[in-house]
Amino acid sequence: MNKRFPQPAVFGFLLPNFLGFLVFTLLPIGLSLYMAFTNWSLRPQVGLEFVGLRNFQRLLGIRQVAAAPQIPAGWYILAGVVLLAGLVGYLWANVAHWAGTKIGGTVMAAVGVVTVSASAATAPSQGLILAGLIALVCGLASMLSGRSPHVAAQREGNAWRPGAGTIPALLVAAAALVLWRTNAAVWSAHAPRDERFWQYFYNTVYLMLGIPVSILGSLGLALLLSNALPTGSAGRRMGGAALCLLGGGVTLALMWLGGMPDLGVVGGLLWLMAALGLAFNVVSFRTIYYLPTFTAGVALMILWKAIYNTKTGPINVAIAALGDWLGFSWAGPNWLGSTAWAKPSLMIMGVWTAIGGTNMLLYLAALSNVPQDLLDAAEVDGAGRWARFRHVVWPQLAPTTFFISVMSIIGGLQGGFEQARVMTQGGPAGSTTTLSYYVYLKLFQDLDLGYASAISWILFAFIFVATILNWRFGKGLEVEL
Amino acid sequence: MNRAGMGWIGRLILLSVIGFAIAMPFLWMVTGSFKSRAEVDEGSIRLLPENPTADNYPILLNFKPDAHGNYLDLRFGRWYFNSFFMSLGITVLQVLTSAMAAYAFSRIQWRGRDKVFLLYLATMMIPGLVTMIPNFQIMVYLGLLNSYHGLILPAAFSAFGTFLLRQFMLSIPPSLDEAARIDGAGHWQIFWRVVMPLARPGLIALGIITFLGAYRSFFWPLIMLFDEQYYPLSVGMLSLDSSYGRQTELIMAATVLNVVPLIILFTACQKFLVKGLQLGGVKG
Amino acid sequence: MRTVFLVLLLASAALYVGAQLTLTSREKPGVVQLRWATDKNPARTRQTAAFGEMFPGAEVVVDPADSQKLLVQCVSGWGPDIIDCYGIAHMQSLVEAGILLDLTEPAKEHGFAPEATYPAIEECLLVEGRQYRFPCNVWANCVIYNRRMLEDLGVPLPQEGWTYEDLVRIGKRIREASNGNLVPVANWNNVWLFEDMYIGAGGTYYRPGSHGLVSSFDSPEALAVMRFYHDMMHVHDVLPTPTEATAIASAGGWGSGGLTWFSGKKAVMIFIGRWYIVQLPNYRGLGNDLAVARLPSWRGRASRGQCDARAAGINAKGPHRDAAVKFLKYLASKEYGRIIVADGDSLPPNPELARTGENLVNDIVNDPAFHRPFVDAIRDARPVDTSPFIDAGLTNRWLKERIEQVENRKKTPEEAMRSLASEINLQIRANLEDRLDLQRKYESITGKPYTPDWWRREAPR
């Protein structure tokens, strides 16, 4: 390789981009790092000072508000660390197919069940029940994961024997037990210094729960769209499309005459979809599904805010009408106005927006690259549809899935700003404020740039950790193939 | 699958139902934009307006006064122009500079090349939020706040674009370069005559992604602009939401106006986007 | 390929030039143009026109900028010339950020000192004794109720000197008589409602005598008022629950949600200022059904609520400060006051125009008995108090959050108020620790030297 000192040509080509990179990316990163350690504020009276870790202490610290309990806080923190280590180890063990993972899965499922029932019985907390359900699902997934053809049969048998794979789950169980027992005492004696930070972090993570749903949905849609519909010759297609349009017209007319023009329009829309599908095949569906993505943004959010209106929005109106028709008086939930429903509302909107979006296109591209001969060979071997998908298609999609999940995590942790700003202003009692909206509030209302920068760097730390974990996890998947 | 049969009709039905679910809010939006305020506020289940009115669009565009007799005085046309202009500017600059930088990173050997590129990659993981705040301060310091330059310039340079185009360019065989060099071409000519035409799918894909992203961008224009005249559509539409009294029917009309050009644009460019993504691939 | 890019670049450049050229700067030669950051109320047209007549050579243009960004806007040099502050908390934030001009001297010279307006709101215009704004309108709440609806339902009307228990009784009767369909009290702004109740109970934000160093939100009055608010909503069903309230609030606009329900005859009573009648022309005949009563009182106390003003201040960094002073002089004038009275936009800044109910009669409501309670209310009302050691906007945000938590039953009223007080105290402590200028202020106000454990000296509750 001929490594010469950069020629003038290099500078010429690189300069505009690099200059921009320097001024608008590198310099701000450095500046932001510096800001996070100062008390930088837009208020003129506050003189700029280097304050070291003060912002981070205020953000993440815990202070004592009451008499110290018998168990020092140190043990509590240790238990938290052990819990985290256990969770990470659990993921790792499952991916690397250590021995004993299925016993570990049983333990994890048990932990999940106990958490859910204990929380429901004593002081139901949405977060704890959620955590318990996730543990249960993870445990079941471990226990029920089938035989992968790439794993030696011997290792598969090992999964049910005690081994290194049980340790992480046991760690998790032990830590959960310690935390639960000390819960009451320690919680009431200590409080986080910035309670809101943790609440908003919880909001951010909660809102990310919709991401797997939308990724799976995108995959499903891609699978549905990957093969063209065998509609036959152009004549048959157009004929079929015309029939559908006719059907739509008839429905519309019937409903109109029957006094329910709206049902007619709704039915007509369905027929129209079918007609488009017949005429233009999968391309039309791809376009329609992509609609929300590229019109996403403020316009759609304002639209959804109107959709979620408790009195005049179509969802609640439909629920009430349905109830009327059946003889009940139903009222739809208070979507954006109740602390329980605000986040699920945003998640539903998020899934609707993203399900047919770029992820679906990426999957479509990847699906088209799956070698047909592999599929044919599997079919000859007698593999059914599901087996073909699991053992041939899914591994081929692994790089795409990995890419999508990394981008989704990065996006999800930074997201929620637009929804908070446009739809809920942070939501009833701060329930839809995410970390990015918190940064905005700190910047614009409190003028506290140093603190806001500290928040964004902590966010970066989370993203970094999540990406590393994802990378390891993804690598594990690939290693096995 | 070689089972020809009626199974595909089931698939068609399923796809149609999903398409319906996704298109339904848009339908509601379009029908709502033809309703009068009284009807919208009433909140009945009727999709189609009882007394359809085509007034909402002229009211929005300031050709007619609204129900109270006041002109809305929203600079809708200007916001449209701003969105389009800003997106165009950002796209052109970004594609051009990214292509040039990608060329430098892929077709020319120079010392430290890979290290600098690694730096680019590393910064891609930093969340945009981190750089927003100091970027804002820099803008204040340079006096670029509340101006078009401030809107366009920071977004005109992208590590992502450089990365994407470099991947594309790596797949172009270097033998073509050498052939051109033998004919006496310098880097600039090679760039324009050889590399760029072959990288066209990538350029188009990047262009579309950048244009859409810029058109929809909200956070940066929101914090950077104070004067209504500079607002892109995304920020301008906020004032519809908060001016005295919610005017849902106007919001519907505005959303339709916001959405329709993008639909047209996208339908036209759709093929390129998919092909570009396919060729660029997600080779990890 | 090269041509494509060239064409696109040229097109962009042309658009850029076009965009820059068509930027309208509404400057006219010889006329100083003042940007007034206020909401886009249709009445502004009349108000600005009258100013133009009084002071030719200056013109006021309404700038409905985003109030959330106002602070940053001004600090980065882009601010408007005249800034509307919607309350004392807003003013304090702006003064803290160094945005508002000290008006004490010009006010005395041009006649818009606090003496030119109501004594009750004097504190609302001052920060540490210096004046920073002058009212555009002044408000003190009363209860407007739909007398016709109450009569139709057979529910007794509010009487002079009625108490909060009477309010609950009337509310319950309304629910019974209407089978739960009507909302007794339209809760269109929960923070203001709470503040009215709290001040009526004699509450203050900061402990009296503590110079704003200790929060008073954990006082017995605060706990009792929050508990009563909670009970009004969840026990007596007099206030709409969050589910009902979202439907009210989602109608959008500045507080128009609760107003729409009241105007739409779905709610019977509302705690609001005189500026409500601006809505009346939209609802024909509604004005004749309405009547006004003073705010209910707590047992053993007189009726009292809060007062404040939407007041205008001047951007200290703006280029047209001298011309802006003229605008404030205009606000103190009788011409402006008459427009306010005629429009029904709450009370005029000039108290001469609001001495009796008869003074406030206008085309919208010409019954003096309607306007009289507002005159009485502003006489007895008191503004909320602030502290120099913590940003009032922040405490308001936290208060709103706590109220919403109580509404959504996330916290008990007592927990909410106690945690609010301790959070405020902690923040005051942190602010003092961080900022030297606040420490100096502490020393000059209390006369004691600042030490990091100053708070232990304050009497613990």
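Strand β9 (residues 267-272) of chain C has six of its six residues buried, so the rest of the structure largely encloses it. Keep in mind that this is a predicted model. Below is a quick tour of what pairs with that strand, then a five-strand sheet in chain C, and finally how chain B touches chain A.

**Partners of β9(C)**
- Strand β7 (residues 142-146) of chain C runs antiparallel to β9(C), and four bridges join the two.
- One residue to look up here is Cys142(C), whose bridge partner in β9(C) is Ile272(C).
- Strand β8 (residues 183-186) of chain C pairs with β9(C) too, in the parallel sense and over three bridges.
- For that pairing, check Ala186(C), which has Ile270(C) as its bridge partner in β9(C).

**The open sheet in chain C**
- Five strands make up this open sheet, in the order β2-β1-β3-β11-β6, with mixed pairing.
- At the edges sit β2 (58-62) and β6 (134-140) of chain C, each pairing on one side only.
- On average, neighbouring strands of this sheet are turned by 20 degrees against each other, direction ignored.
- Inside the order, β3 (residues 82-85) and β11 (residues 307-314) of chain C pair in the antiparallel sense over four bridges.
- Cys85(C) finds its bridge partner in β11(C) at Ala311(C).

**Where chain B meets chain A**
- On the chain B side, 77 residues are in contact with 87 residues of chain A.
- Helix α1 (residues 7-32) of chain B supplies the largest share of that chain B side, with 15 residues.
- Sorted by class, the side of chain B that touches chain A holds 49 nonpolar, 21 polar and seven charged residues.

Key. Residues numbered from 1 in each chain as written. Chains lettered and ligands numbered in written order. Predicted model: local features only at pLDDT ≥ 70, side-chain atom pairs only at ≥ 80, totals over all residues. Contact = placed C-beta atoms within 7 Å. Nonpolar A, V, L, I, M, F, W, Y, C, P; charged D, E, K, R; others polar. Buried ≥ 20, exposed ≤ 12 C-beta atoms within 10 Å, placed from the backbone. Pairing = 2+ DSSP bridges. Axes fitted to C-alpha atoms, helices over the stretch in contact; angles between N-to-C directions.
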